[in-house]
Amino acid sequence: MRALTWHGKHDVRVDTVDDPEILNPRDAIIKITSTAICGSDLHLYDGYIPTMKAGDILGHEFMGEVVETGPGSTLVKGQRVVVPFTIACGSCYHCGKHQYSACDNGNPADNQDIGMELYGQPMSGLFGYSHLTGGYAGGQAEYVRVPFSDVGPIVVPDGLDDDEVLFLSDILPTGWQAAENADIEPGDTVAVWGCGPVGLFAVQSAFLMGAARVIAIDHFPRRLELARKFGAETINFEESKTYEALMEMTGGIGPDAVIDAVGLEAHGFFVDNVVDQIKASTFLGTDRIHSIRQAIVACRKGGRVSMPAVYGGIVDKFPLGAFMEKGLTLKTGQTSVQHYMPGLLSAIVEGKIDTTFLISHRMSLEDAPKGYKMFHDNQNEVTKVVLKPGFTDTAVAAE
Amino acid sequence: MATQNDDAPPTTSKSGATRDAAMQALGHMRGDTLIGRTVTINRPRAELYAYWRDFTRLPTFMDNVERVDILSPTRSHWVVKAPGGKLVEWDADLTDDRDGELIAWASAKGADVPNSGRIEFRDAGDRGTIVTATIVYDPPAGVVGKLIAKMFQREPAIQARRDLRRFKQLMETGEVAISSRTRAQLQEEIA
């Protein structure tokens, strides 16, 4: 089969590799019909995530058709499914509490050692996201092996296009969980850093959860425009001073809840960020964290901080004093996709959440390296690239 | 006599004397290196004990164990992979066996890698069962052997940790998690 493989920083290629096979009873093989490039794939592309190996197949946002099942799978050949990016067993203590992203068993035993060393407890398994999270082949390919296929994949009802449901695999539940983690109360003002896909879904989710106002912060005009379409007020941090603007816009109080949907590659021309960048490039630290610092400082006293953004390592100059003195609460974590999928699928069917607005480019899998470069170089215009194996009209923009 | 002033398990002690005393207390000591590992498994105690007690099934989750032959109700023969593609073998005697609670063993004379230990199963309420492995062993060729074993990731402490995780996966999910894409890849990784 053809698959998008990682070979090093800014070096991804479409190679011919062996087809996946059923290896465990609960496995299924899915023939991919749509797969997206995620903002967090750019962290791999930029070489920020350790434990990558040459030839690793990327991709954790995908869906397709069931073509083969193991004896323990509940899926049926021919079904269309969306697959969660988190690999969860469904039977451990954490899965029982619906903390699917903390599953004990999705990550092979040998790979759990690294997580123990880095984080104290092993990470769960994820598709196509380094060997720290299992070393599973991802879905930017023609076929993918899906373990625990009786627990993860959700069957798509007839009449829904791929484009409408594909984002159930990661970014929609991630944006929803981000808003849920902000413990929004009716009438709240919520500030969201980053208007990428997760930030934009967090904006929609926050309103659905009762927020009176959402203030979206970014520097890409196209992305701010999308946030405004969903009813958010906007701050372009290249034109306005973010903290000052937030304070003035909230009557001098600060937002009730803040959501950092930017993460470890935060852009922006601030002294602390430049220092972080130098440290990252000299391996003194891996995470550049301007957005979370600013969010904590701006948040009102007794407010809530939600952090869907991906961080992998250790940071310094974390405003722990502001965090403590203001009595803030922080919630974060990888998304428990399986927990949110059924409810969000209903929300899509009922038209409460719009997902297709996000897709700016549809391309063939063969053009995936071009897709990565475009997404990396032009985040203003390129909001989401969806790859379709067999797509013939190459590199055509959606509009 | 070592005295301990806290409630931490002796396997986590920084004091050699405390660890020595713990090894003495275990009895049937076959070596001078003590390791302990605990895992919580979301299954009933009796089920976990029963699976483990059939020693021929241990290779399903112990990667290093090639096979276990049952020689008598109390004696078994172990064939285990060692660093450098070698195999090591020994006979093991059951030194204690309490239904649903505990399995203890000690290697017989002439073992390639002398070892002894116990697996304990304790109720953990709605979280299932706490399984604790306590192992005393004699590393092959002392410190150098231990280093070599570590290089090949066949060091008993690392293996015990991974074996317990695989046991948990098998008992909770019915299978051991594999991230390989193809059978050929899987064979390569096991080798």
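Visitor: How many Å apart do the C-alpha centres of domain 1 and domain 2 of chain A lie?
Guide: They lie 26 Å apart. Keep in mind that this is a predicted model.

Visitor: Where are the bounds of the two domains of chain A?
Guide: Domain 1 of chain A is made of 2-170 + 335-397. Domain 2 covers 174-332.

Visitor: How many residues does each domain give to the contact?
Guide: Domain 1 of chain A gives 20 residues and domain 2 of chain A gives 18 residues.

Visitor: Which elements give two or more residues on the domain 1 side?
Guide: Those are helix H1 (39-45) and helix H12 (337-349) of chain A. H1(A) gives the most to that side, with 3 residues. By type, the domain 1 side that touches domain 2 has 7 nonpolar, 8 polar and 5 charged residues.

Visitor: On to the inside. How many residues are in the largest nonpolar core?
Guide: The largest nonpolar core has 115 residues. Among those with the most contacts inside it are A:Ile30, A:Val190 and A:Ile259.

Visitor: What is A:Ile30 in contact with?
Guide: Leaving aside neighbours within four places in sequence, its contacts include A:Gly64, A:Val66, A:Val81, A:Tyr143 and A:Val146.

Visitor: And what of a second core, which residues does it include?
Guide: The second core is separate and has 27 residues, including B:Met62, B:Trp105, B:Phe121 and B:Ala160.

Visitor: Give me one residue of chain A. What does A:Ser91 touch?
Guide: Not counting residues up to four places away in sequence, A:Ser91 touches B:Asn42, B:Glu172 and B:Thr173. A:Ser91 is found in the loop between strand E7 (86-87) and helix H2 (93-96) of chain A.

Visitor: Why does A:Ser91 count as partly exposed?
Guide: A:Ser91 counts as partly exposed because it has 19 C-beta neighbours inside 10 Å, and a residue is buried if 20 or more other C-beta atoms lie within 10 Å of its own.

Visitor: Now sheets. In what order do the strands of the open sheet in chain A come?
Guide: The order of its 6 strands is E13-E12-E11-E14-E15-E16 (chain A), with parallel pairing. Strand E13 (233-236) and strand E16 (329-332) of chain A are the edge strands, each pairing on one side only. On average, neighbouring strands of this sheet are turned by 20 degrees against each other, direction ignored.

Visitor: How many bridges join E15 of chain A to E16(A)?
Guide: Strand E15 (residues 304-307) of chain A is joined to E16(A) by 4 bridges, and the two run parallel. A:Val305 stands opposite A:Leu330 in E16(A).

Visitor: Which strands does helix H10 of chain A lie across?
Guide: Helix H10 (residues 290-298) of chain A lies across strand E11 (189-193), strand E14 (257-260) and E15 of chain A. H10 runs at about 180 degrees to E14(A).

Visitor: Back to chain B. How many bridges are there between E6(B) and E7 of chain B?
Guide: E6(B) and strand E7 (residues 129-137) of chain B pair over 9 bridges in the antiparallel sense. They form a hairpin with 5 residues between them, and B:Gly125 in the turn has a positive phi of about 60 degrees. In E7(B), B:Ile130 is the bridge partner of B:Arg122.

Visitor: How many residues of strand E2 of chain B are buried?
Guide: The number buried is 0 of the 6 residues of strand E2 (residues 65-70) of chain B, so the strand lies largely in the open. A hairpin through 4 residues joins E2(B) to E3(B). The two strands pair in the antiparallel sense over 5 bridges.

Methods: Residues are numbered from 1 along each chain as its sequence is written. Chains are lettered from A and ligands numbered from 1 in the order in which they are written. This is a predicted model: local features need pLDDT of at least 70, side-chain atom pairs count only at pLDDT 80 or more; totals for chains, interfaces and linings use all residues. A nonpolar core is a set of buried Ala, Val, Leu, Ile, Met, Phe, Trp, Tyr and Cys residues joined through C-beta atoms within 7 Å. A residue is buried if 20 or more other C-beta atoms lie within 10 Å of its own, exposed if 12 or fewer, and partly exposed in between; C-beta atoms are placed from the backbone. Two residues are in contact if their C-beta atoms, placed from the backbone, lie within 7 Å. Domain bounds come from an automatic or database domain assignment. Ala, Val, Leu, Ile, Met, Phe, Trp, Tyr, Cys and Pro count as nonpolar, Asp, Glu, Lys and Arg as charged, and the others, Gly among them, as polar. Two strands pair if DSSP finds at least two bridges between them. Axes are lines fitted to C-alpha atoms, for helices over the stretch in contact, and angles run from 0 to 180 degrees between N-to-C directions.
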